[in-house]
Amino acid sequence: MVRILLVEDDETLLEMISEYLNENGYEVVSCTNAQDAADLAYEQTFDLLILDVKIPKGDGFSLLSSLRKLGITTPSIFTTSLNTDFKFLPGAFHTLIFKMF
């Protein structure tokens, strides 16, 4: 079973995404802040990281950068509600999904 680490600080959205992924056969481990996410990513193995850009105790980009420095190369997807041009970012992540709300 594919294991996903989902990091989202909006509890309602976290629940909705987790439920959807679980119903479609994915195992989801979730948390709401960068510190818990770093701990989980270091202690467990995941097949995919879904990271919100703006999260408590850090941000998704810094979190991924820290994980990469530790040798964690898990594919990653960022989610954001920010209306920003992310073209300046190096190829650190695989996909960026904009929240439309």
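The model is predicted, so local features need pLDDT of at least 70 and side-chain atom pairs count only at pLDDT 80 or more, while totals for chains, interfaces and linings use all residues. Residues are numbered from 1 along each chain as its sequence is written, and side-chain values use heavy atoms, with hydrogens and water left out.

**Overall architecture**
- The chain has 3 helices and 7 strands, which are DSSP runs numbered from the N terminus (helices H or I, at least four residues; strands E, at least two).
- Along the sequence, these elements follow the pattern β-α-β-α-β-β-β-α-β-β.
- Of the 101 residues in the chain, 40% are buried, where buried means under 20% relative accessible area, exposed over 50%, and partly exposed in between (1.4 Å probe, protein chains only).

**Helix α1**
- Helix α1 (residues 11-23) has 13 residues and spans 18 Å from its first C-alpha to its last, close to the 18 Å expected at 1.5 Å a residue, the expected span being 1.5 Å times one less than the number of residues.
- L13, L14, S18 and L21 are the buried residues named in α1.
- They cover an arc of only 125 degrees around the axis, which puts them on the same side of α1; the arc is that of the directions from the helix axis to the C-beta atoms.
- The buried residues of α1 pack against β1 (3-7), β2 (27-31) and β3, with contact meaning heavy atoms within 4.5 Å.
- On the face turned away from that buried side, α1 carries the exposed residues T12, E15, M16, Y20 and E23.

**Strand β6**
- Because 5 of the 5 residues of strand β6 (residues 76-80) are buried, β6 is largely enclosed by the rest of the structure.
- S76, F78 and T80 point one way from β6, whereas I77 and T79 point the other way.
- Strand β3 (residues 48-52) runs parallel to β6 and is joined to it by 4 bridges, strands counting as paired if DSSP finds at least two bridges between them.

**Positive phi angles**
- K57 has a positive phi of about 65 degrees although it is not a glycine, and K57 lies in the loop between β4 (54-55) and β5 (58-59).
- K57 counts as exposed because its relative accessibility is 65%.
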